[in-house]
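Let's take a walk through a protein chain together. Keep the picture open while you read, and look up each piece as we get to it.

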Amino acid sequence: MKNKVICIVFLFLIAFFAITDLFSPDREFSEWENRNLKMFPTLKADTLLSGEFSEEYEEYLTDQFAFRDTFVKAKFILDKTLGKTDAGGVYITDDALYSIQSEVDENALSKNLSAINIFQKRTGLDTSLLVVPSSTYIYRDSLPLFAKVIDEREIFEKIKKNLENVTFVDTVDKLEEKREDYIYFRTDHHWTSLGALISYNAFMNSDLTKEDFKVTTKSQDFLGTLSSKSGALLIKADIIERYSRGDVLSCTVFDGSESKVYTSMYFDDFLNKKDKYSYYLGQNQPLVRITTDSDGGKLLVFKDSYAHNLSQMMVGDWSEIVLVDLRYVKVKIDVLLKNVLGVQVSDFDKALFLYSMDTFTTQDNMLWIK
């Protein structure tokens, strides 16, 4: 009798989830995981025969099953109970989460360095490269036992040796000196505004402090990407801070098809969403132009999302800041700037390449700057 009851319950659960999946609408985006979800793949003869359709359909089922967010969180609780120290590509400690580092793609790294050297030689611009060390490396002695850590100092040395007439902004020592301060988020892979300020000082050779800004706390309940990937629920939420110095006159955002002009570089709507980091400049876009009341020069920034909260430090020093995310660009940079902003690379006084260690050493997106 006991076995029959178990079988009936098991069959009921299978039927319940199958029916729920059938009638649940597909979601394009998961706010909890802060990523686009796989939609139903297009069925074609070539993809069916190659097995590509089957792979995409499996991804679709994984992303779209009912109560996915609840199961991710429940899995974390179970893993934690069993003593696991990693989940979803994330190391879990009692007070912070850390990304499990990706292996360096030597080919991508070589291509990126070559592209930057070619850009500098072609344009003659005063050019700098700032690669952000990961929190995993900065706090490597806080990781679980046997956690694998890539020697980022060794990578930085290799980068410096392969740059030609490009300044390498080395921030490792400065960030390690301040590691007891709140310089990286606990639940997200990005640095905090304070961490960004420390690195901006290294780039500018300045000594700005938090006291030089009007600092405003905008949120105290930010749970970032690492929380989403791991399902971790017990880590203290992060704080979103605004650092104000100087005034923004306009912020133009080009999404790949059209431009919209805003009066602020901050997007308050995101403070009411899970993706609170997008309060800084909004979500990733091909191009953003910020004009300020400063009488400084013009800065061209090639970046990933680590530049978003650092950009607020730039307002007091630069009259114009143009940020380009090459991951979303499909034309030569000269054509993009001319068509969208009516400017040329030669109009800028300085160029900065600002990327996280993971992006710079694993992704090759710099074809369009050569």
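This is a predicted model: local features need pLDDT of at least 70, side-chain atom pairs count only at pLDDT 80 or more; totals for chains, interfaces and linings use all residues.

## Strand β6 and its partners

Start with β6 and β15: they run parallel, and 7 bridges join them. Two strands count as paired here if DSSP finds at least two bridges between them. Helices (H or I, at least four residues) and strands (E, at least two) are DSSP runs, numbered from the N terminus. Residues are numbered from 1 along each chain as its sequence is written, and side-chain values use heavy atoms, with hydrogens and water left out.

Strand β6 covers residues 126-132 and is also joined to β7, by 2 bridges, again running parallel. Find L129 in the picture: its bridge partner in β15 is F353, and in β7 it stands opposite F168. S128 stands opposite T167 in β7. How many of the 7 residues of β6 are buried? The count is 6, so β6 is mostly covered; buried means under 20% relative accessible area, exposed over 50%, and partly exposed in between (1.4 Å probe, protein chains only).

## The sheet of 8 strands

Now zoom out. Strands β6, β7 and β15 belong to an open sheet of 8 strands with mixed pairing, in the order β7-β6-β15-β13-β14-β12-β10-β11. Which strands sit at the edges? They are β7 (167-168) and β11 (259-262), each of which pairs on one side only.

Helices pack on this sheet too. Helix α9 (residues 193-204) touches β6, β13 and β15, and its direction makes about 155 degrees with that of β6. Helix α12 (residues 333-341) touches β10, β11, β12, β13 and β14, with its direction at about 55 degrees to that of β12. Axes here are lines fitted to C-alpha atoms, for helices over the stretch in contact, and angles run from 0 to 180 degrees between N-to-C directions.

Pick out N201, which has its place in helix α9. Is N201 buried or exposed? It counts as buried, because its relative accessibility is 12%. Leaving aside neighbours within four places in sequence, N201 is in contact with S206, D207 and L208; contact means heavy atoms within 4.5 Å.

Helix α11 (residues 307-314) is mostly covered, with 8 of its 8 residues buried. Among them are H308, N309 and Q312. What covers the buried residues of α11? The cover includes α9, β9 (238-244), β13, β14 and β15.

## Rings that meet

A search of the whole structure turns up 17 aromatic pairs. Take F119 and F302: their ring centres are 5.4 Å apart and their planes stand at 80 degrees, so this pair is edge-to-face. Here are the cut-offs: rings of Phe, Tyr and Trp (its six-membered ring) pair if their centres lie within 6.5 Å, and planes under 30 degrees apart count as stacked, over 60 as edge-to-face and the rest as tilted. This pair links distant parts of the chain, with F119 in helix α5 (residues 106-123) and F302 in strand β13 (residues 298-303), 183 residues apart.

F119 also forms an edge-to-face pair with F353, at 5.6 Å centre to centre and 80 degrees between the planes. F353 lies in strand β15 (residues 350-356), so this pair ties helix α5 to a part that is 234 residues away in sequence. F119 is buried, with a relative accessible area of 0%, and F353 counts as buried at 0% as well. Elsewhere, ring pairs link Y182, F185, F222, Y266, Y277, Y279 and Y280 into a cluster.

Strand β4 (residues 90-92) is joined to β5 by 3 bridges, and the bridge partner of I92 in β5 is L97.

## The whole chain

Altogether, the secondary structure comes to 13 helices and 15 strands. Of the 370 residues of the chain, 48% count as buried.
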